Amino acid sequence: MTEQANRLLDGPRGPKPKRVFSRRNIFLYGTLLMVTIYYAIPLYVMIVTSLKGLPEIRLGNIFSPPMEVTFEPWTKAWGEACTGLNCNGLSSYFWNSIKITVPSVIASIIIASVNGYALANWRFKGANLFFGILIFGAFIPYQVMLYPIVIMLRELGLYGDLSGLIIVHTIFGMPILTLLFRNYFTSLPEELFKAARVDGAGFWGIYFRVLLPMSLPIFTVAVILQVTGIWNDFLFGVVYTGPEAYPMTVALNNIVNTTQGVTEYNVNMAATILTALVPLVIYFVSGKLFVRGIAAGAVKG
Amino acid sequence: MESSISIRDLDLRFGSVEVLQGLNLDIGVGEFLVLLGSSGCGKSTLLNCIAGLLDVSDGQIHIGGKNVTWAEPSERGIGMVFQSYALYPQMTVEGNLSFGLKNAKMSKAEISQRVARAAEILQIEPLLKRKPAALSGGQRQRVAIGRALVRDAEVFLFDEPLSNLDAKLRADLRVEIKKLHSRLGNTMVYVTHDQVEAMTLADRIAIMKGGQIMQLASPNEIYNRPKNLYVAEFIGSPSMNFIHGELKGGDFVADGLSIPMTGYEFADSSEKEGKAIIGLRPEHIATGDNLASAVSRTKAKVSLVEPMGSDTIIYASVGSHPIHIRMDGQATVKPGDEVEIGFQPARANLFDPSTENRL
Ligand SMILES: Nc1ncnc2c1ncn2[C@@H]1O[C@H](COP(=O)(O)OP(=O)(O)OP(=O)(O)O)[C@@H](O)[C@H]1O
Ligand SMILES: [Mg+2]
């Protein structure tokens, strides 16, 4: 046996040193930086512009920061901007959007999660057919269904009303959400479900007491998908509601497209940011959970 | 024998796949029955049918004298333990144990009394407030057993409960399950891949193949008198030696080998003639000091030696037949050596090559 001291030879030892400026790193971070700039610049321009007065905007330097910060465009966008018919700003439409989004998100997620659970765990007769039809539904272009739904809502007396739009959003969220929940519940160990059945839990008992507590990540994903999808919707909003019930996106469009007088870029920008605020906040608050939920399908619960 | 579980003409199909066909099985009260078989032979499926987790395609299942073919799993008086433990991850150990009792609308006092008793039996009292994620594999499996225990079930169903554990823990828990069985005295049906588990735990073993029971007998019987080639090959490690040959006037003759079969018990106590396969367990081939008890002797040429500590497996050939032999761990043999071996006809097995059944 050799002595302790000379057992270690010269040369590599311990962790391999990493070079900060390797070609790989430069390429990687360079790409990331470019993508970041690509997405950040429009946002920057919007924010900067929304804080400038009109005379300053007319100078034309869209990248320069405001010389004099003013919040007047924001208050105007919120309370006074003209949306074609009236000049009350976005505020009432903001509440319309809330009134549309909250119930449709809740309803669609509740229904879809129960659907997904039944499809994944209770394999009832015709489950595959039902699932097939549902998935097929996801591929039918919206345009095809636009007018038939107008007629259906009119017959039901819901056309032009918030509740009609809520129903439409709930239904259109079904295919993708059901797929999402079904796949998540399928990925959970089947023995858990069997154990719960032996323990005497029924359909709802297993859903509420065993599966729901394990499913926070996937519910977060569903909330984010639905909130952004429904909040950002323009087409259904413009088709199925009347001027009083327009969601915020439609109102924003009307503000930006108002043809009277000068184009108030700063107000338009402020209005746009206001409209985008809700999805933005949702992402910031739950981004981490979102990533975890997306990955959850791959990792065994 | 009064039967606790009785399975009558059970069929189970998944679409067009026949998994179980016309299966009949009676399990006595307090019996420990082990279902043993290769992967995919339908052990779990059978267990799930007994538990009511699968709807049977045909036939009946009776538990405790009641026809439970259409009953819900929770109404069958069973407790089930799964390979993956299947503990509810969001509940504490206590919550896991009491979940079934709460579903049965049992009173709080009764629940806590039962949970305490199960925890005491399984020695998991200090763990009651923990979540399953904070338990070791062995502790989780104990909790899983506890979940069956609190239900006071008359039948326990185990689906490979120990196969996720390491060898040491497996041996410990095996002993614990055996103790638990003798303490509770309820019927247990236990699915496993592991022969040692099967041999040590079982009152009777059912060897399954392709959805059918090949042999249902005590471990001793299965080991010593396998009913057919499949069972003979399946049980025992290293597996039995098989030599094709012929029965002629009371002798088994194969090329370079002749063994008088005096002392062999034929299945219907009448001697047979004609083609046969002889099955010899590696540990029943006598060497060294044991040679005295052997009836017929011959020489074998060693080609490979595997020392395992307690014993040594040698691979050798007799005439043109490769065989393996279990020798004493202290034996000193080298490849190339010739060793004298002896056969004991009383411990041999003869099979008909065409029907594969025991002669
Ligand atoms: N849902 C199903 N649909 C179709 N075939 C199935 C289904 N479940 C099991 N099978 C088939 O039934 C057969 C028996 O399966 P089973 O799970 O009972 O095997 P096993 O004996 O428990 O095997 P292992 O020891 O690997 O657990 C297998 O061939 C399997 O492919
Ligand atoms: Mg199995």
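**Chain A and its aromatic rings**

Visitor: In this predicted model, what share of the accessible surface of chain A belongs to carbon and sulfur atoms?

Guide: The accessible surface of chain A comes to about 18,100 Å². The share of it that belongs to carbon and sulfur atoms is 69%.

Visitor: What is the radius of gyration of chain A?

Guide: Chain A has 13 helices and 0 strands. For 301 residues the globule rule gives 19 Å, and the value for chain A is well over that, so the chain is more spread out than a compact globule. Its C-alpha trace spans about 95 × 65 × 30 Å along the principal axes. The radius of gyration is 26 Å.

Visitor: Why is the pair of Y88(B) and F99(B) given its class?

Guide: Y88(B) lies in the loop between strand 6 and helix 2 of chain B, and F99(B) lies in helix 2. Both residues are buried. The ring centres are 4.8 Å apart and the planes stand at 65 degrees, so the pair is edge-to-face.

Visitor: How many aromatic pairs does the structure hold?

Guide: One aromatic cluster includes F181(A), F185(A) and W204(A). Over all chains, the number of aromatic pairs is 28.

Key
Residues numbered from 1 in each chain as written. Chains lettered and ligands numbered in written order. Predicted model: local features only at pLDDT ≥ 70, side-chain atom pairs only at ≥ 80, totals over all residues. Heavy atoms only, no water. Helix = DSSP H or I, 4+ residues; strand = E, 2+ residues; numbered from the N terminus. Rg over C-alpha atoms; globule rule 2.2 N^0.38 Å. Areas by Shrake-Rupley, 256 points an atom, 1.4 Å probe, with all protein chains shown as cover. Phe/Tyr/Trp six-rings, centres within 6.5 Å; stacked < 30°, edge-to-face > 60°. Buried < 20%, exposed > 50% of the residue type's maximum accessible area, 1.4 Å probe, protein only.
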